[in-house]
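This report examines how parts of one protein chain pack together. Please consult the sequence and the structure shown below while reading.

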Amino acid sequence: MTAREARIAEIVGAVARQALADRGAQRIALLDDGGPEAALAARMLASTLGVDAVLRVTVDEGEMESVLHAAPQVSGDRAAEEMRRMKARLVEHSIPAHPASKTALLLGGELPPEPLLPLGDLWASEVAELAGAWSGPPDATMAASLLGGVEALDEALRGLVDRRDPSALDALPREVAWVVTGALERGRPSRLHPRIVPKIGARTLGVDLFD
């Protein structure tokens, strides 16, 4: 583990440790698709919380067959993701966690419902630097391919998100800007309104703040 990864792991671990304490949970149930993000998140969490505090939730072919039989129109990747999600939610005394990067969260449509996103503030290019590779939703991989690498994609997104520069995407080729803008718009309602609750009473979950 490099010095930079160790520093990031300390932050990730501290947040995860507090989340466990807040919920009275004992371990993190990490959705693991076998990708570099899951491996990196598991390594960081285990280095700070301990190996026993991190459960990597995977699926096998038999489990996949049962889901695809019930919903044959669903893609294999989607079925696997939902199976991992269900298994993570069923682990007692745990907090489900999704290893998506910041790039994936921005361009992946609906935000994952898992309460803990350990790599949610790491760009895909940073994941690649730390883990040696990166993965992401189709729009992100397409845009990165058209730009010749994920670094250029992340630089444009950094300008838009971190520097709050609305013109940050203007420098992208038109076909790339179209892909990125479309993906951002599809995920925007989820980022703005993670929970939708019609307000009827004086104080409503998801609308009002509670102590």
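## Helix H9

How many residues does helix H9 have, and how far does helix H9 reach from its first C-alpha to its last? In this predicted model, helix H9 spans residues 174–192 and has 19 residues. Its reach from first to last C-alpha is 26 Å, close to the 27 Å expected at 1.5 Å a residue. The helix has a kink of about 35° at Arg186, shortly before the proline Pro189.

Among the buried residues of H9 are Val176, Val179, Val180, Ala183 and Leu184. An α-helix has 3.6 residues a turn, so residues three or four places apart point the same way.

## The nonpolar cores

The largest nonpolar core has 24 residues, and Ile28, Met44 and Leu122 have the most contacts inside it. At least two residues of this core come from each of helix H1 (3–23), strand S1 (27–31), helix H2 (36–49), strand S3 (94–97) and helix H6 (124–131). Apart from this core lies another, of 19 residues, including Leu107, Ala143, Ala156 and Ala177.

Beyond its neighbours within four places in sequence, Ile28 is in contact with several residues, among them Leu20, Leu45, Val54, Ile95 and Leu116. In soluble globular proteins, nonpolar side chains tend to be buried together.

## Met64

Met64 belongs to helix H3, residues 61–70. Is Met64 buried or exposed? Met64 counts as buried because its relative accessible area is 16%, under the 20% cut-off. Leaving out residues up to four places away in sequence, Met64 touches Val59, Gly76, Ala79 and Ala80.

Definitions and conventions:
Residues numbered from 1 in each chain as written. Predicted model: local features only at pLDDT ≥ 70, side-chain atom pairs only at ≥ 80, totals over all residues. Heavy atoms only, no water. Helix = DSSP H or I, 4+ residues; strand = E, 2+ residues; numbered from the N terminus. Buried < 20%, exposed > 50% of the residue type's maximum accessible area, 1.4 Å probe, protein only. Contact = heavy atoms within 4.5 Å. Core = buried A, V, L, I, M, F, W, Y, C linked by side-chain atoms within 4.5 Å. Expected span 1.5 Å × (residues − 1). Bend = angle between axes of the 7 residues up to and from the residue.
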